[in-house]
Amino acid sequence: MSMARFVELENVGVTFGQGPEQTEALQPTSLTVERGDFLAFVGPSGCGKSTILKLVSELLRPTTGNIFFGGRELGAKPVRVGMAFQSASLLPWMSVRDNVMLPLKIVPPFKSGFRSKKNGEYRDRADALLAQVGLEDFADKSPWQLSGGMMQRANLCRALIHDPDILLLDEPFGALDQFTREELWQTLQDLWIDRKSTVMLVTHDLREAAYLANRICVMSPRPGRIIDDRQVSFARPRPIDLTFDPDFVTLVQDLRGLIVHAPNVKKVDAT
Ligand SMILES: Nc1ncnc2c1ncn2[C@@H]1O[C@H](COP(=O)(O)OP(=O)(O)OP(=O)(O)O)[C@@H](O)[C@H]1O
């Protein structure tokens, strides 16, 4: 498989509805994601960031264009996807460990081994991940006994337990306070360095994009398209202090400028 074409969007456009009611959510967009890359999507609200993730996870079909995964058309072969959203949505009647193990119960090929391995290998796998994010003492707790930040740690574990081909993150830290959020950035970076996952992250937080990603795609207002696609080459592991570095601050300012001054932003009259 060609390294350069792990995920490929070829002129992919999305329009919702028909006739006068129709909304173009994504203008025909082409994008190539390499295996092991960490991409962030930023842009104004409603520009189609989540739509791109929904396309890659096959929750949504493109209106135009084609999507390829590992060189094959999406749908030809099952793609193992890990997902995490702003709301951790852990099931309250299950322990944290059982929540983390949930994908193993549902996703092939793990599904078939679930009964026999439930108390062995899969449990160890969940516990190892929980330990990696600092939740080793919380595996037997209920989700409601966890803080918001801890829930998102468990959420990341659940998204990774089945070794997904790609990790799709939609504002995973959006509801957290600044300090907790920055702790989670470091946790996610450690997991990424350790597992070399391919990640597509949607975020409104430009510092989050600049700290975490290798590559940032800036989108225009709806109907969205990618107006800037840039590499972020700060050395890894990135310390949190990097966010005060002049180069980092300049990058965040550049991104902000691109979004604020993007074409077809509706200017509000000051009259
Ligand atoms: N099922 C749908 N039917 C009609 N319009 C939709 C549907 N889903 C999304 N849209 C519209 O498509 C556009 C893109 O939505 P999307 O959720 O991808 O934006 P986003 O950039 O992720 O937004 P936000 O940053 O606010 O989460 C939005 O204007 C939204 O209202």
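Which residue in S5 stands opposite Phe 69?

Modeller: Phe 69 faces Arg 72 in S5. This is a predicted model, in which local features need pLDDT of at least 70 and side-chain atom pairs count only at pLDDT 80 or more, while totals for chains, interfaces and linings use all residues. Residues are numbered from 1 along each chain as its sequence is written.

S4 and S5 are part of an open sheet of four strands in the order S2-S1-S4-S5, with antiparallel pairing. S2 and S5 (72-73) are its edge strands, each pairing on one side only.

Moving along the sheet, Phe 69 in S4 also stands opposite Val 7, and S4 is joined to S1 by five bridges in the antiparallel sense. S1 and S2 are likewise antiparallel, with seven bridges between them, and there Leu 9 stands opposite Leu 31 in S2. These two strands form a hairpin with six residues between them, and Gly 17 in the turn has a positive phi of about 75 degrees.

Helix H1 lies across S1 (7-16), S2 and S4, running at about 120 degrees to S1, where axes are lines fitted to C-alpha atoms, for helices over the stretch in contact, with angles from 0 to 180 degrees between N-to-C directions, and contact requires C-beta atoms, placed from the backbone, within 7 Å.

H1 (49-56) and S2 (23-33) each supply at least two residues of the shell around the ligand, and the largest share, three residues, comes from H1. The shell has 13 residues, of which Phe 16, Ala 25, Gly 46, Ser 50 and Thr 51 come nearest; a residue counts as near if its C-beta atom, placed from the backbone, lies within 6 Å of the molecule.

As for the context, the protein chain comes to eight helices and 10 strands. Its radius of gyration, taken over C-alpha atoms, is 19 Å, close to the 18 Å that the globule rule gives for 271 residues, so the chain is as compact as a globular protein of that length; the rule is 2.2 Å times the number of residues to the power 0.38. Along its principal axes the C-alpha trace spans about 60 × 45 × 40 Å.

How values were computed: Two strands pair if DSSP finds at least two bridges between them. Two residues are in contact if their C-beta atoms, placed from the backbone, lie within 7 Å.
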